[in-house]
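Visitor: Could you walk me through this one, feature by feature? I'd like the general idea each time, then the case at hand.

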Amino acid sequence: MNQSNNKKMIGLDLGSTAAKMVLFHDGKIKETKAIASYKYEDFVNQLPDDKFLFSTGYFRKNVEFDLSCTEITAAKYGVTHLLGEGHQIDVLIDIGGQDTKIINIATNDFYLNDKCSAGTGAFLEFMAKYFGSTVEELGEMHLKANGEKVQINSTCSVFAMSEVISYMVEKIPVQVVIAGIHYSFARRIAQLVPKNVNRIGLFGGTALNTGVVHALADVLNVKIGDGLVVIDPPQFVNGIGAILYGVKNYFK
Ligand code: ADP
């Protein structure tokens, strides 16, 4: 990493829901942190002076960066750093809080769903709230359903919620309803994925939900770790990518 070695490298991924910070030193990830995006200035105020700052995400231009790039560029750099050059991923799915991005690496196409909350993390946050739980708990509840799930047909969050309430009236176990919610979510995402792809990379904060990962693999009829690879750490892929993009392009 040439002359950049002496200073700390910070990647800030300032997304619409969460602000993520990645600290790199000597070419290694030393620290990662996420907070609500409206508090992103807290991150910036705590940063050391001897740093290079590389930003990406919705709010990326609101900070004094050394270099910034779009989330699409950051994603490609992040995935290549984490999985290596020969990763053989054709399509990336980034499920964030307010939007979902589908990046076709093979064709260099990109699709953004930010119009409808039903295929974004906000949908699951809305559902978790109804059950008095948190998004962190949804994955475990899904696994407790042991493969059972209800069918939720509505593609709109508000109408999907009416279906959920009807199932609760029928006394269907909560975990079975939650599994149904994840399947409905996964079908929505799967519609956006191009056909005939070999390997899909999944990341974004919502990929921390194992229920989403299992449902998506099932709907896409692929195996986790093979046809569907969760890129770890899922919420920090773009922050890492921003640094790698910076290293490559700032120190030319
Ligand atoms: P953005 O970049 O769009 O701000 P992120 O990629 O940071 O979004 O993802 C934010 C989403 O991830 C939120 O909807 C949040 O609820 C969800 N999320 C964060 N942590 C977890 C977790 N541990 N389990 C499930 N969902 C999570």
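**Reading the fold, piece by piece**

Guide: Let's start with T56, which is found in strand β4 (residues 51-56). Helices (H or I, at least four residues) and strands (E, at least two) are DSSP runs, numbered from the N terminus. One caution: this is a predicted model, where local features need pLDDT of at least 70, side-chain atom pairs count only at pLDDT 80 or more, and totals for chains, interfaces and linings use all residues. Residues are numbered from 1 along each chain as its sequence is written, and side-chain values use heavy atoms, with hydrogens and water left out.

Visitor: Is T56 buried or exposed?

Guide: Buried means under 20% relative accessible area, exposed over 50%, partly exposed in between (1.4 Å probe, protein chains only). T56 is buried, with a relative accessible area of 0%.

Visitor: And which residues does T56 touch?

Guide: Contact means heavy atoms within 4.5 Å. Not counting residues up to four places away in sequence, T56 touches L12, D13, L14, C69, T70, E71, A74, N238 and A242. The T56 side chain also reaches the backbone oxygen of T70 at 3.3 Å. That's a polar contact: a pair of N or O atoms within 3.5 Å; within protein, one must be able to donate a hydrogen and the other to accept it, and residues adjacent in sequence count only if both atoms are side-chain atoms.

Visitor: How many bridges pair β1 with β4?

Guide: Two strands pair if DSSP finds at least two bridges between them. β1 and β4 have six, in the parallel sense, and I10 has L53 in β4 as its bridge partner. β1 (residues 8-14) is mostly covered, with six of its seven residues buried. β1 also pairs with β2 (residues 18-25), in the antiparallel sense over six bridges, where L14 stands opposite A19. Three residues sit between β1 and β2 in that hairpin.

Visitor: In what order do the strands of the five-stranded open sheet run?

Guide: The order is β8-β7-β6-β9-β10, with mixed pairing. β8 (109-113) and β10 (228-230) are the edge strands, each pairing on one side only. β7 (residues 100-104) runs antiparallel to β8, joined by five bridges, and N104 stands opposite D109 in β8.

Visitor: Which helix lies across those strands?

Guide: For angles, axes are lines fitted to C-alpha atoms, for helices over the stretch in contact, and angles run from 0 to 180 degrees between N-to-C directions. Helix α2 (residues 71-83) lies across β6 (91-95), β7, β8, β9 (200-203) and β10, at about 65 degrees to β7.

Visitor: Which residues come nearest to the ligand?

Guide: A residue is near a molecule or strand if one of its heavy atoms lies within 4 Å of it. Of the 17 residues around the ligand, T17, A18, K20, E125 and Q235 come nearest. An N or O atom in the Q235 side chain is 2.8 Å from a ligand oxygen atom. A backbone N or O atom of G97 lies 3.1 Å from an oxygen atom of the ligand, and for S16 a backbone N or O atom is 3.3 Å from a ligand oxygen.

Visitor: G97 makes me curious about G121: which residues is G121 in contact with?

Guide: Leaving aside neighbours within four places in sequence, G121 is in contact with I95, G96, G97, F185 and T206. G121 is found in helix α3 (residues 121-130) and is buried, with a relative accessible area of 5%.
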